[in-house]
Amino acid sequence: MTRPSARIGLGIDIGGSGIKGAPVDLVGGTFVVDRLKIATPRPATPEAVAPVVAEIAAAFPEHVAGDAPLGVTFPAVIQHGVARSAANVDRSWIGTDVQALLAEATGRRVLVVNDADAAAVAEHRYGAAAGVEGVVLMTTLGTGIGSALLVDGVLVPNTEFGHLEIDGYDAETRAASSVKEREKLSYRQWAEERLQRYYSVVEDLLWPDLIVVGGGVSRKSDKFLPHLRLRTPIVPAKLRNTAGIVGAAVLAAERLGAAA
């Protein structure tokens, strides 16, 4: 049997519909083997989700060392391992020490991070923001607007710039891609009438060096990004569906390191 390499990390992404995990090459930012995906339990309570995370964490013994730390993304504000909100999972997670729960379930050292934050780290290490210094803002356009902020590669966790009040509205209720679909806006209308206003306000507040746009709609970025008039370069994300798992694995390896 091949001995697991220290350069291989482990990441798991807890989502509303599925829990996905894979061993990650920490040098290249790619999956070593195909990810394993298991449907998110219903209801998605801590007691139901933890065993699924443990099953995925134990699924790659030939590729991941037994003492390798585990990085986990979670759809919530995460402060020092504790969930302070809950999106697309059961509200019983609020106040739960997710880090301690999953460490007990998996027998590994665990780092839990917000899902958008993990994706931004992956894009900075290996994707659209690789090599960019200064302030990088990542936004994910989907049902709402997720955000993540890095300064010289260092994560500023748990930003919620999708909920800025702009012109009297919660920004994501006017500019998310779900709004485009619901109101049957063309890509150009969405860009010029909604995204332009949102990103103009955000860049005036943050003065970022780069904006990275993620979410499923980023695959069609050529249909809307060219219609934006910003001083900040704005580009589509590159890693897409792999970003959360990759970013979680990288952060866990960096912050928790090898076992003592």
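Modeller: Before we start, contact here means heavy atoms within 4.5 Å. This is a predicted model.

Colleague: Fine. Which residues of helix 3 meet helix 7?

Modeller: On the helix 3 side, Ala 118, Ala 119, Val 121, Ala 122, Arg 125 and Tyr 126. Their partners in helix 7 are Ala 243, Gly 244, Val 246, Gly 247, Ala 248, Val 250, Leu 251 and Glu 254.

Colleague: How do the residues of that contact divide into nonpolar, polar and charged?

Modeller: The contact of helix 3 with helix 7 has 10 nonpolar, two polar and two charged residues.

Colleague: And at what angle do the two helices pack?

Modeller: About 80 degrees, and the axes of helix 3 and helix 7 are 7 Å apart. Helix 3 is therefore roughly perpendicular to helix 7, since angles of 65 to 115 degrees count as such.

Colleague: What span does helix 3 have from its first C-alpha to its last?

Modeller: Helix 3 takes in residues 115–126, which is 12 residues, and reaches 17 Å. That is close to the 16 Å expected at 1.5 Å a residue.

Colleague: What caps its N-terminal end?

Modeller: Asn 114 does, with a side-chain oxygen 2.9 Å from the backbone nitrogen of Ala 116.

Colleague: How many residues of helix 3 are buried?

Modeller: Nine of the 12, so helix 3 is largely enclosed by the rest of the structure. Among the buried residues are Asp 117, Glu 123 and His 124, along with Ala 116 and Val 121.

Colleague: What covers them?

Modeller: The cover includes helix 7 and several strands, among them strand 5 (70–74), strand 8 (110–114) and strand 9 (135–141). Strand 10 (145–151) and strand 11 (154–156) also take part.

Colleague: What about the phi of His 80?

Modeller: Positive, about 50 degrees, and His 80 is not a glycine. The residue is in the loop between strand 6 (78–79) and strand 7 (82–83).

Colleague: Is His 80 buried or exposed?

Modeller: His 80 is exposed, at 78% relative accessible area.

Colleague: And where does Arg 240 lie?

Modeller: In the loop between strand 15 (234–236) and helix 7 (243–256). Arg 240 also has a positive phi, near 50 degrees. With a relative accessible area of 39%, Arg 240 is partly exposed.

Methods
Residues are numbered from 1 along each chain as its sequence is written. This is a predicted model: local features need pLDDT of at least 70, side-chain atom pairs count only at pLDDT 80 or more; totals for chains, interfaces and linings use all residues. Side-chain values use heavy atoms; hydrogens and water are left out. Helices (H or I, at least four residues) and strands (E, at least two) are DSSP runs, numbered from the N terminus. Buried means under 20% relative accessible area, exposed over 50%, partly exposed in between (1.4 Å probe, protein chains only). The expected span of a helix is 1.5 Å times one less than its number of residues. A polar contact is a pair of N or O atoms within 3.5 Å; within protein, one must be able to donate a hydrogen and the other to accept it, and residues adjacent in sequence count only if both atoms are side-chain atoms. Axes are lines fitted to C-alpha atoms, for helices over the stretch in contact, and angles run from 0 to 180 degrees between N-to-C directions. Angles under 35 degrees count as roughly parallel, over 145 as roughly antiparallel, 65 to 115 as roughly perpendicular and the rest as oblique. Ala, Val, Leu, Ile, Met, Phe, Trp, Tyr, Cys and Pro count as nonpolar, Asp, Glu, Lys and Arg as charged, and the others, Gly among them, as polar.
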